[in-house]
Amino acid sequence: QVQLVESGGGTVQAGGSLRLSCAASGRGFIGYAMAWFRQAPGKEREFVGTIDWTGRTTSYGDSAKGRFPISRDIAKNTMYLHMNTLKPEDTAVYYCAARQGGLGLRADDYDYWGQGTQVTVSS
């Protein structure tokens, strides 16, 4: 059974930074891509970015490019989302996800999900 647990959410002022973590457990994750998605109230779940199992290849959604780099610590089975220059429109619940295989850009591509962590950006 794969378990993903996000942490690091909170409230921050516009222009600030946060680092989200996603700790994976339950099995080895060699060969598993991981991703971040977010969902604001009344909106569809949005792709933020994804990273392959080696940590060397990433892909980002438009809202994250240049602001939210993703990294991964293979030894710790943990993925990070480094959120910089935050804006009020970044307010959402942020979810991490995992899938066996290569990068996926859609929520349907992923088999395992965390419970989400709230990020609130005040103006």
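Strand E5 and strand E6 (residues 58-60) run antiparallel to each other and pair over three bridges; two strands count as paired if DSSP finds at least two bridges between them. The strand labels come from DSSP runs of at least two residues, numbered from the N terminus. One of the bridge partners to look for is Tyr-60 in E6, which sits across from Gly-49. The two strands make a hairpin with six residues between them, and Gly-55 in the turn has a positive phi of about 85°.

Before we go on, keep in mind that this is a predicted model, where local features need pLDDT of at least 70 and side-chain atom pairs count only at pLDDT 80 or more, while totals for chains, interfaces and linings use all residues. Residues are numbered from 1 along each chain as its sequence is written, and side-chain values use heavy atoms, with hydrogens and water left out.

Now look at the other neighbour of E5. E4 and E5 also pair in the antiparallel sense, over five bridges, and Met-34 has Ile-51 in E5 as its bridge partner. This hairpin too has six residues between the strands, with Gly-42 taking a positive phi near 75°. Five of the six residues of E5 are buried, so the strand is largely enclosed by the rest of the structure. Here "buried" means under 20% relative accessible area, "exposed" means over 50%, and "partly exposed" is in between (1.4 Å probe, protein chains only).

A nonpolar core is a set of buried Ala, Val, Leu, Ile, Met, Phe, Trp, Tyr and Cys residues joined through side-chain atoms within 4.5 Å. The largest one has 27 residues, and Trp-36, Leu-81, Met-83 and Tyr-94 touch the most other members. The elements giving two or more residues to this core are E3, E4, E5, E8, E9 and E11. Apart from it lies another core of five residues, including Phe-37 and Tyr-110.

There is also a covalent link to find. The structure holds one disulfide, meaning a pair of cysteine sulfur atoms within 2.5 Å. Cys-22 and Cys-96 form it, with their sulfur atoms 2.1 Å apart. This pair ties together distant parts of the chain, since Cys-22 is in strand E3 and Cys-96 in strand E9, 74 residues apart. Both cysteines are buried. The torsion about their S-S bond is about 55°, so the disulfide is right-handed.

Charged side chains come next. A salt bridge is a side-chain nitrogen of Lys or Arg within 4 Å of a carboxyl oxygen of Asp or Glu, and by this rule there are five. In one of them, Arg-38 meets Asp-90, with the closest N and O atoms 2.9 Å apart. Arg-38 is in strand E4 and Asp-90 in the loop between E8 and E9, 52 residues apart. Are these two residues buried or exposed? Both Arg-38 and Asp-90 are buried. They also belong to a network of salt bridges with Glu-46 and Arg-67.

Asp-109 is buried, with a relative accessible area of 18%, whereas Arg-106 is exposed at 53%.

Technical notes: Helix = DSSP H or I, 4+ residues; strand = E, 2+ residues; numbered from the N terminus.
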